Amino acid sequence: MNPPVLTSDVILTNLESVPGRRIVEHYGLVAGSTVRAKHVGRDIAASLKNLVGGELRGYTELLQESRAEATARMVAQAKALGANAVLNVRFSTSSVAQGAAELYAYGTAVKVE
Amino acid sequence: MNTGTASPIPDWVVLLLVYGVPLVALVVFGFIGAWLERRHYASIRAREAATANLPATNLRALDDERAVQEAWLVTASVVISIDYFKRFLAGWRKVFGGRVRSYETLLDRARREALLRLKEQCPSADLIANLRFDTSCIANARGRNRQTVAGVEVLASGTAIRFAPAATGGALRAAG
(Lines give C-alpha, C1' and ligand atoms only; values in the text may rest on other atoms or scores of the structure.)
Protein backbone atom coordinates (compact mmCIF):
# COMPACT_ATOMS: atom_id res chain seq x y z
CA MET A 1 0.00 0.00 0.00
CA ASN A 2 2.87 2.33 0.75
CA PRO A 3 4.12 4.13 -2.34
CA PRO A 4 7.61 3.21 -3.51
CA VAL A 5 10.48 5.09 -1.91
CA LEU A 6 11.06 8.06 -4.15
CA THR A 7 14.75 8.56 -3.85
CA SER A 8 17.96 7.12 -2.52
CA ASP A 9 20.83 9.59 -2.63
CA VAL A 10 19.21 12.79 -3.90
CA ILE A 11 17.49 14.85 -1.22
CA LEU A 12 14.01 16.01 -2.18
CA THR A 13 12.04 18.64 -0.32
CA ASN A 14 9.17 20.93 -1.16
CA LEU A 15 10.77 23.71 0.85
CA GLU A 16 13.00 26.36 -0.66
CA SER A 17 16.03 24.97 1.12
CA VAL A 18 17.26 21.82 2.70
CA PRO A 19 16.96 22.61 6.38
CA GLY A 20 20.33 22.35 8.07
CA ARG A 21 22.30 22.40 4.79
CA ARG A 22 23.76 25.25 2.80
CA ILE A 23 23.19 25.54 -0.94
CA VAL A 24 26.47 25.84 -2.84
CA GLU A 25 25.30 25.70 -6.45
CA HIS A 26 22.09 26.12 -8.48
CA TYR A 27 21.37 24.15 -11.63
CA GLY A 28 17.89 25.42 -12.48
CA LEU A 29 14.66 23.64 -13.19
CA VAL A 30 14.48 19.88 -13.56
CA ALA A 31 11.30 18.04 -14.49
CA GLY A 32 9.97 14.61 -15.20
CA SER A 33 6.66 13.53 -16.64
CA THR A 34 4.77 10.45 -17.69
CA VAL A 35 1.44 9.89 -19.38
CA ARG A 36 -0.40 6.81 -18.25
CA ALA A 37 -3.65 5.12 -19.10
CA LYS A 38 -5.46 2.65 -16.97
CA HIS A 39 -6.20 -0.78 -18.36
CA VAL A 40 -9.67 -2.13 -18.98
CA GLY A 41 -9.62 -4.53 -16.03
CA ARG A 42 -8.98 -1.72 -13.62
CA ASP A 43 -11.62 0.38 -15.30
CA ILE A 44 -14.22 -2.34 -14.86
CA ALA A 45 -13.25 -2.96 -11.24
CA ALA A 46 -13.37 0.76 -10.58
CA SER A 47 -16.80 1.21 -12.13
CA LEU A 48 -18.12 -1.63 -9.96
CA LYS A 49 -16.58 -0.05 -6.88
CA ASN A 50 -18.13 3.21 -8.00
CA LEU A 51 -21.58 1.84 -7.23
CA VAL A 52 -20.97 1.60 -3.51
CA GLY A 53 -18.35 4.33 -3.23
CA GLY A 54 -15.11 4.21 -1.29
CA GLU A 55 -11.50 4.02 -2.27
CA LEU A 56 -10.64 3.00 -5.83
CA ARG A 57 -7.43 1.15 -4.98
CA GLY A 58 -6.52 0.39 -8.59
CA TYR A 59 -6.47 4.09 -9.45
CA THR A 60 -4.65 5.05 -6.27
CA GLU A 61 -1.88 2.60 -7.07
CA LEU A 62 -1.71 3.55 -10.73
CA LEU A 63 -1.31 7.23 -9.92
CA GLN A 64 1.26 6.53 -7.21
CA GLU A 65 3.35 4.40 -9.58
CA SER A 66 3.13 7.07 -12.27
CA ARG A 67 4.08 9.83 -9.89
CA ALA A 68 7.04 7.76 -8.68
CA GLU A 69 8.16 7.35 -12.27
CA ALA A 70 7.85 11.07 -13.02
CA THR A 71 9.86 11.76 -9.88
CA ALA A 72 12.50 9.21 -10.86
CA ARG A 73 12.91 10.95 -14.22
CA MET A 74 13.26 14.29 -12.52
CA VAL A 75 15.87 12.86 -10.16
CA ALA A 76 17.78 11.31 -13.06
CA GLN A 77 17.91 14.70 -14.76
CA ALA A 78 19.14 16.33 -11.56
CA LYS A 79 21.84 13.70 -11.13
CA ALA A 80 23.00 14.19 -14.71
CA LEU A 81 23.56 17.85 -13.91
CA GLY A 82 25.60 16.96 -10.86
CA ALA A 83 23.01 17.98 -8.26
CA ASN A 84 22.51 16.22 -4.98
CA ALA A 85 19.18 17.79 -4.01
CA VAL A 86 15.97 18.97 -5.65
CA LEU A 87 14.13 21.75 -3.89
CA ASN A 88 10.58 23.03 -4.01
CA VAL A 89 9.31 19.86 -5.65
CA ARG A 90 5.79 20.24 -7.06
CA PHE A 91 3.45 17.74 -8.63
CA SER A 92 0.75 18.40 -11.14
CA THR A 93 -1.81 16.15 -12.74
CA SER A 94 -3.68 16.86 -15.92
CA SER A 95 -5.96 14.64 -17.89
CA VAL A 96 -4.94 14.77 -21.54
CA ALA A 97 -7.66 12.47 -22.83
CA GLN A 98 -10.39 10.35 -21.37
CA GLY A 99 -8.76 7.60 -19.41
CA ALA A 100 -5.25 9.01 -19.63
CA ALA A 101 -3.49 11.36 -17.27
CA GLU A 102 -0.20 13.17 -17.28
CA LEU A 103 1.76 13.21 -14.05
CA TYR A 104 4.38 15.91 -13.88
CA ALA A 105 6.99 16.52 -11.20
CA TYR A 106 9.31 19.52 -11.19
CA GLY A 107 11.73 21.27 -8.91
CA THR A 108 15.00 23.16 -8.68
CA ALA A 109 18.22 21.16 -8.78
CA VAL A 110 20.91 22.34 -6.41
CA LYS A 111 24.05 21.14 -4.76
CA VAL A 112 24.10 21.28 -0.99
CA GLU A 113 26.95 20.78 1.42
CA MET B 1 -55.53 -9.63 -26.56
CA ASN B 2 -53.16 -11.19 -29.04
CA THR B 3 -52.86 -8.48 -31.64
CA GLY B 4 -49.96 -8.50 -34.05
CA THR B 5 -47.98 -5.72 -32.38
CA ALA B 6 -48.34 -6.85 -28.76
CA SER B 7 -45.11 -7.74 -27.04
CA PRO B 8 -44.89 -11.20 -25.53
CA ILE B 9 -43.71 -9.62 -22.27
CA PRO B 10 -46.48 -8.06 -20.17
CA ASP B 11 -46.35 -4.30 -19.61
CA TRP B 12 -45.89 -4.55 -15.84
CA VAL B 13 -42.74 -6.62 -16.28
CA VAL B 14 -41.27 -3.97 -18.58
CA LEU B 15 -42.22 -1.21 -16.12
CA LEU B 16 -40.68 -3.15 -13.27
CA LEU B 17 -37.45 -3.62 -15.18
CA VAL B 18 -37.22 -0.02 -16.31
CA TYR B 19 -38.10 1.68 -13.00
CA GLY B 20 -37.89 -1.02 -10.37
CA VAL B 21 -34.34 -2.25 -10.92
CA PRO B 22 -32.65 1.19 -10.75
CA LEU B 23 -34.75 2.04 -7.68
CA VAL B 24 -33.71 -1.14 -5.87
CA ALA B 25 -30.10 -0.53 -6.91
CA LEU B 26 -30.29 3.03 -5.52
CA VAL B 27 -31.55 1.81 -2.16
CA VAL B 28 -29.17 -1.16 -1.89
CA PHE B 29 -26.02 0.68 -3.03
CA GLY B 30 -27.03 3.70 -0.95
CA PHE B 31 -27.17 1.58 2.19
CA ILE B 32 -23.87 -0.16 1.46
CA GLY B 33 -22.26 3.18 0.63
CA ALA B 34 -23.53 4.82 3.83
CA TRP B 35 -22.23 1.90 5.87
CA LEU B 36 -18.82 2.06 4.18
CA GLU B 37 -18.64 5.80 4.77
CA ARG B 38 -19.43 5.43 8.48
CA ARG B 39 -16.75 2.77 8.75
CA HIS B 40 -14.26 5.00 6.94
CA TYR B 41 -14.99 7.93 9.24
CA ALA B 42 -14.54 5.71 12.30
CA SER B 43 -11.15 4.59 10.97
CA ILE B 44 -10.15 8.20 10.16
CA ARG B 45 -11.01 9.40 13.67
CA ALA B 46 -9.12 6.55 15.33
CA ARG B 47 -6.00 7.11 13.21
CA GLU B 48 -6.15 10.89 13.63
CA ALA B 49 -6.06 10.38 17.37
CA ALA B 50 -3.10 8.00 16.97
CA THR B 51 -1.06 10.44 14.84
CA ALA B 52 -2.00 13.62 16.70
CA ASN B 53 1.53 13.98 18.11
CA LEU B 54 3.01 14.60 14.64
CA PRO B 55 2.13 18.18 13.71
CA ALA B 56 1.71 19.19 10.08
CA THR B 57 1.99 22.80 8.99
CA ASN B 58 1.75 24.57 5.66
CA LEU B 59 4.43 27.08 6.61
CA ARG B 60 7.57 27.10 4.49
CA ALA B 61 9.95 28.70 6.92
CA LEU B 62 10.83 26.86 10.06
CA ASP B 63 10.89 29.06 13.09
CA ASP B 64 12.63 26.64 15.36
CA GLU B 65 15.94 26.78 17.14
CA ARG B 66 16.55 23.06 17.05
CA ALA B 67 19.06 21.73 14.54
CA VAL B 68 17.57 19.71 11.71
CA GLN B 69 19.04 16.25 11.34
CA GLU B 70 17.15 15.12 8.29
CA ALA B 71 14.55 16.47 5.85
CA TRP B 72 12.88 14.50 3.12
CA LEU B 73 9.89 14.70 0.80
CA VAL B 74 6.82 12.66 1.62
CA THR B 75 3.78 12.18 -0.58
CA ALA B 76 0.58 10.24 -0.11
CA SER B 77 -2.52 10.01 -2.21
CA VAL B 78 -5.94 8.47 -2.33
CA VAL B 79 -8.59 8.09 -5.01
CA ILE B 80 -12.07 7.91 -3.59
CA SER B 81 -15.58 7.93 -5.02
CA ILE B 82 -19.17 8.24 -3.81
CA ASP B 83 -21.94 5.70 -4.14
CA TYR B 84 -24.69 5.49 -6.75
CA PHE B 85 -27.35 6.93 -4.42
CA LYS B 86 -25.32 9.99 -3.44
CA ARG B 87 -24.42 10.63 -7.06
CA PHE B 88 -28.13 10.50 -7.86
CA LEU B 89 -28.85 13.01 -5.07
CA ALA B 90 -26.05 15.27 -6.29
CA GLY B 91 -27.58 15.18 -9.77
CA TRP B 92 -30.88 16.42 -8.38
CA ARG B 93 -29.14 19.06 -6.29
CA LYS B 94 -27.92 20.65 -9.50
CA VAL B 95 -31.52 21.47 -10.39
CA PHE B 96 -32.04 23.59 -7.27
CA GLY B 97 -28.50 24.64 -6.45
CA GLY B 98 -27.02 24.89 -2.99
CA ARG B 99 -24.73 22.77 -0.88
CA VAL B 100 -23.98 19.36 -2.28
CA ARG B 101 -23.35 17.48 0.96
CA SER B 102 -22.50 14.19 -0.70
CA TYR B 103 -19.50 15.75 -2.43
CA GLU B 104 -18.51 17.70 0.69
CA THR B 105 -18.09 14.53 2.71
CA LEU B 106 -16.30 12.87 -0.21
CA LEU B 107 -13.63 15.57 -0.34
CA ASP B 108 -13.38 15.74 3.43
CA ARG B 109 -12.74 12.01 3.62
CA ALA B 110 -10.21 12.14 0.80
CA ARG B 111 -8.16 14.98 2.33
CA ARG B 112 -8.14 13.52 5.81
CA GLU B 113 -7.21 10.08 4.49
CA ALA B 114 -4.36 11.49 2.38
CA LEU B 115 -2.99 13.45 5.35
CA LEU B 116 -3.19 10.35 7.56
CA ARG B 117 -1.29 8.28 5.02
CA LEU B 118 1.31 11.01 4.83
CA LYS B 119 1.78 10.98 8.58
CA GLU B 120 1.84 7.20 8.73
CA GLN B 121 4.70 7.16 6.23
CA CYS B 122 7.09 9.12 8.42
CA PRO B 123 6.63 7.99 12.00
CA SER B 124 10.24 9.02 12.73
CA ALA B 125 9.61 12.69 11.81
CA ASP B 126 9.02 15.46 14.33
CA LEU B 127 7.21 17.80 11.98
CA ILE B 128 5.78 17.98 8.49
CA ALA B 129 6.45 21.36 6.89
CA ASN B 130 4.96 22.94 3.76
CA LEU B 131 2.00 20.60 3.58
CA ARG B 132 0.18 20.86 0.25
CA PHE B 133 -3.00 19.32 -1.06
CA ASP B 134 -3.62 18.79 -4.77
CA THR B 135 -7.07 17.69 -5.80
CA SER B 136 -7.87 16.35 -9.23
CA CYS B 137 -10.95 14.83 -10.78
CA ILE B 138 -10.57 11.39 -12.25
CA ALA B 139 -12.99 11.30 -15.15
CA ASN B 140 -14.40 7.96 -16.07
CA ALA B 141 -15.05 7.26 -19.73
CA ARG B 142 -18.53 5.83 -19.92
CA GLY B 143 -20.70 6.67 -22.85
CA ARG B 144 -19.55 8.79 -25.74
CA ASN B 145 -19.67 12.33 -24.46
CA ARG B 146 -20.81 11.77 -20.92
CA GLN B 147 -18.14 12.34 -18.33
CA THR B 148 -19.25 10.97 -15.02
CA VAL B 149 -17.02 11.70 -12.10
CA ALA B 150 -15.60 8.42 -10.98
CA GLY B 151 -13.79 9.96 -8.09
CA VAL B 152 -11.37 12.53 -6.85
CA GLU B 153 -7.71 12.11 -6.22
CA VAL B 154 -6.15 14.00 -3.36
CA LEU B 155 -2.39 14.17 -3.19
CA ALA B 156 -0.84 15.38 0.03
CA SER B 157 2.82 16.32 -0.03
CA GLY B 158 5.16 17.85 2.47
CA THR B 159 8.65 17.83 3.87
CA ALA B 160 9.19 15.57 6.84
CA ILE B 161 11.66 16.99 9.30
CA ARG B 162 13.54 15.23 12.04
CA PHE B 163 15.37 17.34 14.56
CA ALA B 164 18.69 16.38 16.01
CA PRO B 165 18.27 14.89 19.46
CA ALA B 166 18.65 17.58 22.10
CA ALA B 167 21.89 17.41 24.06
CA THR B 168 20.08 17.74 27.35
CA GLY B 169 17.60 14.95 26.66
CA GLY B 170 13.89 15.88 26.65
CA ALA B 171 13.38 17.79 23.38
CA LEU B 172 11.39 20.99 23.58
CA ARG B 173 8.23 21.18 21.55
CA ALA B 174 7.86 24.36 19.57
CA ALA B 175 4.92 26.40 20.77
CA GLY B 176 2.01 26.65 18.31
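In what sense do strand S4 (residues 85–97) of chain A and S5(A) pair, and over how many bridges? The two strands pair in the antiparallel sense over 10 bridges, where pairing requires that DSSP finds at least two bridges between two strands, and where strands (E, at least two residues) and helices (H or I, at least four residues) are DSSP runs numbered from the N terminus.

This is a predicted model, in which local features need pLDDT of at least 70 and side-chain atom pairs count only at pLDDT 80 or more, while totals for chains, interfaces and linings use all residues. Residues are numbered from 1 along each chain as its sequence is written, chains are lettered from A and ligands numbered from 1 in the order in which they are written, and side-chain values use heavy atoms, with hydrogens and water left out.

| Strands | Sense | Bridges |
|---|---|---|
| S2(A) (residues 23–37) and S5(A) (residues 100–112) | antiparallel | 13 bridges |
| S4(A) (residues 85–97) and S5(A) | antiparallel | 10 bridges |
| S3(A) and S1(B) (residues 68–81) | antiparallel | two bridges |

Within these pairings, Arg36(A) stands opposite Ala101(A) in S5(A), Leu87(A) has Thr108(A) of S5(A) as its bridge partner, and Gly54(A) is partnered by Ser81(B) in S1(B).

The contact between the chains, meaning heavy atoms within 4.5 Å, takes 34 residues from chain A and 41 residues from chain B. The area buried between chain A and chain B, which is the accessible area (1.4 Å probe) that the two parts lose on being put together, summed over both, is about 3100 Å², and carbon and sulfur atoms give 53% of it. Asn14(A), Asn50(A) and Gln98(A) supply 19% of the area that chain A buries against chain B, more than any other three residues.

Three salt bridges are counted between chain A and chain B, each being a side-chain nitrogen of Lys or Arg within 4 Å of a carboxyl oxygen of Asp or Glu. Glu55(A) forms a salt bridge with Arg117(B), and the closest N and O atoms are 2.7 Å apart.

In chain B, Phe163(B) lies in strand S3 (residues 147–163) and is buried, with a relative accessible area of 6%, where buried means under 20% (1.4 Å probe, protein chains only). Not counting residues up to four places away in sequence, Phe163(B) touches several residues, including Asp64(B), Val68(B) and Leu127(B). Arg66(B) is 97 residues away from Phe163(B) in sequence, yet the two are 6.3 Å apart in space, C-alpha to C-alpha.

Key. Buried means under 20% relative accessible area, exposed over 50%, partly exposed in between (1.4 Å probe, protein chains only).
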